[in-house]
Amino acid sequence: MSCSGDLAPLLGNSTDAADYICNKFTDSNYAINNTYLLFSAYLVFIMQCGFAMLCAGAVRKKNAVNIMLTNVMDAAAGAISYYLFGFAFAFGQPSNGYIGKHFFALKDIPSSSAGFDYSNFLFQWAFAIAAAGITSGSIAERTRFTAYLIYSFFLTGFVYPVLSHWYWSPNGWANPARGPGDALLFDSGVIDFAGSGVVHMVGGIAGFWGAFIEGPRIGRFGPGADKPRGHNTALLVLGTFVLWFGWYGFNPGSFLIINKTYGASGSFYGQWSAIGRTAVTTTLAGSAAGLTTLVAKKYLTNQWGLADVCNGVLGGFAAITGGCSVVEPWAAIICGVISAFVLIGLNMLSEKFEFDDPLEAAQLHGGCGAWGMLFTSLFAKKQFVNEVFGERPGSRPHGLFMGGGGKLLGAHIVAILVNIGWVTITMAPLFLVLQYFDLLRVPAEHEIDGMDETHHDGPAYHEGIEVRQSAPYVGSAVVPQPQV
């Protein structure tokens, strides 16, 4: 029965009173869920501050202004691009399984038929610019500012939205919420709840191609070369903690709504419980990754490395993001531990093949994001999958190690390959075109002198400020300074 049908007998069969009360409850439900989504969007957006602080601390002092300005422009250029094109390509309905076709420049938003309001745009925009922010770290300290603007606009307006449509739009060909027989990928779909693949792999792979095509920074490799050290560990740690805080909007916020019960009305257990569990799995994965990195790097280098631990924590977060809502807390610890070794191993390979990524963004987000997708296909719990994505007749594919068979694993392997392929065929040509027209890399002398002095309005830190010395004051008399 409907809300009014259930309530009317309790009100002396007054359907008008029942309709009024039910409508008020509906309005309140919308308000609660939209407020929750907006708050989550604000948390995700504050991650831009985390990216800016992390990047600034990880680069040399002579490039601090440049990297912070790129983070500001990721947000600004991404807002216009996602408003004009991105949201439509990602979530425009009705559409096909591959690209959205409506809602350009937010036309027809709010849309009751699609269930979208302005809060949905804001939340998804914050995700899109996170992907662009990842890429900026890979190509730091040697890239023309024009190139940043071009790739950021293209990534947030087209590359990221199309791929997110495949997994997150109700019409997407890999959406796990599609019904049996309607899911196009092993009758399973892909569980990438908050974006290990959609956000982190996209940003990481784009960063890989940018850094690979540009080549390493001057003096990074070769005889007598040493890895440049970031200039401010305090900013590095501050950025890590701000990102950690923002991840509580990134992962739990991806439920989009909070006011939903699992089972009978009045139950203690509902979506709010799943949101709390997701915050816990996020915390445990990042923490386990940080501790594992600390011990592993101590064993390998006999040093307690601060920067390595910060990146290890973030690698754990990137890995758990895809399966945070559908795994047990104990499984999240496994995810974090293995993500630490994935990051350490990829960093060793990057050194061997002289691949230079100042923030380790390609290894961290691309590599740990790919591991996170595999992890989800192994450890996703049937109960949680059914609660989050809806039950199906029969058995829904879930984690291989949780008795769910291999369909989800097969779907996720395909998704990893598709993600790599899509970003490669879109972003690699863009960077090659920029390089061809000499729009990608700054001249060698500018790179050596630093981007702040040669491309911006001076250094981030103004040292040696001249202060006019006045005559010292003694009692009520002024003693003149001796002339030298």
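Helices (H or I, at least four residues) and strands (E, at least two) are DSSP runs, numbered from the N terminus. I worked with a predicted model, in which local features need pLDDT of at least 70, side-chain atom pairs count only at pLDDT 80 or more, and totals for chains, interfaces and linings use all residues. Residues are numbered from 1 along each chain as its sequence is written, and side-chain values use heavy atoms, with hydrogens and water left out.

**Entry 1: Asn419**

I located Asn419 in helix H13, residues 407–436. Is Asn419 buried or exposed? I recorded Asn419 as buried because its relative accessibility is 1%; buried means under 20% relative accessible area, exposed over 50%, and partly exposed in between, with a 1.4 Å probe and protein chains only. I then looked up its contacts (heavy atoms within 4.5 Å). Beyond the neighbours within four places in sequence, Asn419 touches Leu163, Tyr167, Gly197, Met201, Ile205 and Met373. With Tyr167 there is a side-chain polar contact of 2.7 Å. A polar contact is a pair of N or O atoms within 3.5 Å; within protein, one must be able to donate a hydrogen and the other to accept it, and residues adjacent in sequence count only if both atoms are side-chain atoms.

**Entry 2: helix H7**

I noted that H7 covers residues 233–250, which is 18 residues. From first C-alpha to last, H7 reaches 25 Å, close to the expected 26 Å; the expected span is 1.5 Å times one less than the number of residues. The buried residues of H7 include Leu236, Trp244 and Phe250. I found that the buried residues of H7 pack against helices H2, H4, H6, H8 and H9.

**Entry 3: Phe104**

I found Phe104 in the loop between helices H3 and H4. Phe104 counts as partly exposed, because its relative accessibility is 33%. Tyr83 lies 21 residues from Phe104 along the chain, yet their C-alpha atoms are separated by 7.2 Å. Leaving aside neighbours within four places in sequence, I listed Tyr83, Leu84, Phe85, Ala88 and Phe89 as the contacts of Phe104.
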